[in-house]
Amino acid sequence: MSKGLFITIEGGEGAGKTTLIETLAEYGAASGRTVVTTREPGGIPIAEQIRQVILDPKHTAMDARTEALLYAAARRQHLVEKVMPALNRGEIVICDRFIDSSLAYQGHARGLGIEEVWEINRFAIAGMMPDLTIYMDVRPEIGLERISRGDNREVNRLDLESLAFHNRVREGYNLLLQRYPERIALVDAEQTPEAVAAQVIALVEARWGGFLASRVK
Ligand code: TYD
């Protein structure tokens, strides 16, 4: 049993995950907690290399199942090398994207099926589901507009998908909210970054409080 707290942040393109994660990390550090922030696909060298292969805009030939398997492989390695050791040390891990991205993007939007994609991910994560997942909901036209305005964000192969694809991603996340109501919390990501952060901090604080109290003994 791990002693830490595993939080994942999910959402479509331009939902503001990066800004939120920075705020949460500052907040956690200011409260004297050790917070590890990381991202998928990537976070460690092997997974960053897999990321390059998946997201390269030149790889238009990539098959949807290959894509799903590569995400699952990167996820496994990142869990073993980075997430699990931190949780075992009792730290709080905040991860930008995790299994729900695969279920929403590959399972639903690509049409592989949420159940099929769940099966390969069940194998990859071997029981390591997040304690809490924040889903940042934004309409794709707003999210894509936000990233097109940003100047420090690389455009990857999945950003180049159609608006219809990103609408299916959002639909996929909504199915996951119904499937995992206990684990996934919905946050309206069209609010200001400050309002989003305040809402998420309140939510996470409720969970952290409980988690910390149960671990003091
Ligand atoms: P990234 O540049 O990290 O995008 P973002 O800032 O939106 O998180 O690229 C990650 C891309 O990979 C993003 O388009 C979502 C996609 N993705 C999947 O399709 N499945 C997955 O399992 C994961 C982790 C990401």
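Me: How far does a polar side-chain atom of N156 lie from an oxygen atom of the ligand?
Reply: Happy to start there: this is a predicted model, where local features need pLDDT of at least 70, side-chain atom pairs count only at pLDDT 80 or more, and totals for chains, interfaces and linings use all residues. Residues are numbered from 1 along each chain as its sequence is written, and side-chain values use heavy atoms, leaving out hydrogens and water. For N156 and the ligand oxygen, the distance is 3.2 Å.

Me: How much of the ligand's exposed area does the protein buries account for?
Reply: Accessible areas come from the Shrake-Rupley method with a 1.4 Å probe. Taken alone, the ligand exposes 540 Å². The share of that buried by the protein is 95%.

Me: Which helix gives the most residues to the shell around the ligand?
Reply: Helices are DSSP runs (H or I, at least four residues), numbered from the N terminus. Helix 2 (45–55), helix 3 (64–88) and helix 4 (99–109) each supply at least two shell residues. With 4 residues, the one giving the most is helix 4.

Me: Is helix 3 roughly parallel or antiparallel to helix 4?
Reply: Their axes, lines fitted to C-alpha atoms over the stretch in contact, come within 10 Å and cross at roughly 175 degrees, with angles running from 0 to 180 degrees between N-to-C directions. Angles over 145 degrees count as roughly antiparallel. Therefore helix 3 and helix 4 are roughly antiparallel.

Notes
Polar contact = N/O pair within 3.5 Å; in protein donor to acceptor, adjacent residues only side chain to side chain. Parallel < 35°, antiparallel > 145°, perpendicular 65-115°, else oblique.
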